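Hello,

I am handing over the structure that I would like you to look at, and my notes on it follow below. Please read them with the model open beside you.

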Amino acid sequence: MKKISLIFTALLAVTFSLTGCQKDPEVVSLMGKTMGTTYHIKYIDDGSLNLDKDKTHARIEMVLKDVNAKMSTYDKNSELSRFNQFTEINQPVEISSDLAKVIGEAIRLNKVTEGALDVTVGPVVNLWGFGPEKHPERKPTAEQLAERQAWVGIDK
């Protein structure tokens, strides 16, 4: 009986020491600006992942800056903008694996939606003033729309 009592006491001591090391859960809020908008991230930190709030926030900022540098349609120097500005026909263009994955998924979704999702619609969107081009002062003409519509389509 003494042996069982000693084992129970030892287990109880270990349990209290382990739970005493664990911190109370707290909600950590991170926020910032990116891509013309803001982001808000919340997570519960109970100490089990050993996350440093400042390092986690810095890593998130780094990832978002990388995505923006690759995928922005508003940054003329982004990888996607440079890709879109390339006018040579039948010439390979070197792109990152991230951009290749996004373009591949856009092509797949275009097929799945029977053309409803068309990432090439930018020239028409811009003509109406919803893209990086300046807002128009008047409605586009039928001729302008026809010209821009000839530029769009997943096959282009």
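Gly32 stands opposite Tyr39 in strand E2, and E2 (residues 37–45) runs antiparallel to strand E1 (residues 26–34), with 9 bridges joining the two. Strands (E, at least two residues) and helices (H or I, at least four) are DSSP runs numbered from the N terminus, and two strands pair if DSSP finds at least two bridges between them. In the hairpin of E1 and E2, which has 2 residues between the strands, Met35 takes a positive phi near 50°.

Please keep in mind that this is a predicted model, in which local features need pLDDT of at least 70 and side-chain atom pairs count only at pLDDT 80 or more, while totals for chains, interfaces and linings use all residues. Residues are numbered from 1 along each chain as its sequence is written, and side-chain values use heavy atoms, leaving out hydrogens and water.

The structure holds 3 salt bridges, a salt bridge being a side-chain nitrogen of Lys or Arg within 4 Å of a carboxyl oxygen of Asp or Glu. One of them joins Asp66 to Lys70, with the closest N and O atoms 3.1 Å apart, and both residues lie in helix H2 (residues 53–71), 4 residues apart, about one turn of the helix. Lys70 also meets Asp98 in a salt bridge (2.5 Å, N to O). Asp98 lies in helix H4 and Lys70 in helix H2, so this pair ties together parts that are 28 residues apart in sequence.

Best wishes
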